[in-house]
Amino acid sequence: MVEERISRDEQSFVDMPVEHGRVYDAAGNAIYRAVGREYTLSFGAPRADMKDRVVTHNHTNGTSFSAKDLARAGYFDVAELRIITRDATGQAWLYRLQRPERGWPRLKETSAQIYLAAGESAAAKRILGQGATSTDAVADFVNNAMHYRMEHVATHFGLSYTREKVDC
Ligand SMILES: [Zn+2]
């Protein structure tokens, strides 16, 4: 029920040309809304109001979590950080990152970037074995590379991380 409400709301901004964000309460009501730019977003909400919440935003380019996203998930101590995004083939994706029981790794953006970069060779190996899955090979490469990098980091820190297709 809550998941459905959130999903419906996410679909309302999946195709926006700039980032949109929401902070939801336990019932799935949006208690903060934010509109950013093509690749940035800031909620301007007090840290206490972000803690333990489900927070979502759209990415305008089909890609997974950024180093900044990783750093902020820990800084704000959210329960879950999500991305709704559409790739170059028109497929929509939901990316979810959930707080592990022992808590978020406290990463600064620069250190998150280092961990993501460390996942690059693992990502490249998987892509080379996988072949193209979309009609836009470059976008497909970038999206999957970021996804596999993120999986690598999530495994390292024991984070629950998923990517699923969304029909919208
Ligand atoms: Zn983001």
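Mentor: The expected span of a helix is 1.5 Å times one less than its number of residues, where helices (H or I, at least four residues) and strands (E, at least two) are DSSP runs numbered from the N terminus. Residues are numbered from 1 along each chain as its sequence is written. The model is predicted, so local features need pLDDT of at least 70 and side-chain atom pairs count only at pLDDT 80 or more, while totals for chains, interfaces and linings use all residues.

Trainee: How many Å apart are the end C-alpha atoms of α6, and what should its residues span?

Mentor: Helix α6 has 21 residues, which at 1.5 Å a residue should span 30 Å. The distance between its end C-alpha atoms agrees with that expectation, being 30 Å.

Trainee: Which residue follows α6, and what is its phi?

Mentor: Within α6 the buried residues (20 or more other C-beta atoms, placed from the backbone, within 10 Å of their own) include D140, N143, H147 and V153. Directly after α6 comes G158, with a positive phi near 70 degrees.

Trainee: In what sense do β3 and β4 run, and how many bridges join them?

Mentor: Strand β4 is mostly covered, with five of its seven residues buried, and V54 stands opposite E80 in β4. Strands count as paired if DSSP finds at least two bridges between them; β3 and β4 run parallel, and the number of bridges is six.

Trainee: Which hand has the crossover from β3 through α3 to β4?

Mentor: With the strands pointing away from the viewer, a clockwise path from the first strand over the helix to the second defines the right-handed case. The β-α-β crossover that leads from β3 through α3 to β4 is right-handed.

Trainee: Which residue in the turn between β4 and β5 has a positive phi?

Mentor: Strands β4 and β5 pair in the antiparallel sense over seven bridges, and the bridge partner of I83 in β5 is Y95. They form a hairpin with five residues between them, and the turn residue with a positive phi, about 100 degrees, is G90.

Trainee: Which residues have the most contacts inside the largest nonpolar core?

Mentor: A nonpolar core is a set of buried Ala, Val, Leu, Ile, Met, Phe, Trp, Tyr and Cys residues joined through C-beta atoms within 7 Å, and the largest one has 28 residues. Elements giving two or more residues to this core include β3, α3, β4 and α6. Leaving aside neighbours within four places in sequence, V78 is in contact (C-beta atoms, placed from the backbone, within 7 Å) with M50, R53, V55, A73 and R99. The residues with the most contacts inside the core are V55, F65, L70, A73 and V78.

Note on methods. Buried ≥ 20, exposed ≤ 12 C-beta atoms within 10 Å, placed from the backbone. Contact = placed C-beta atoms within 7 Å.
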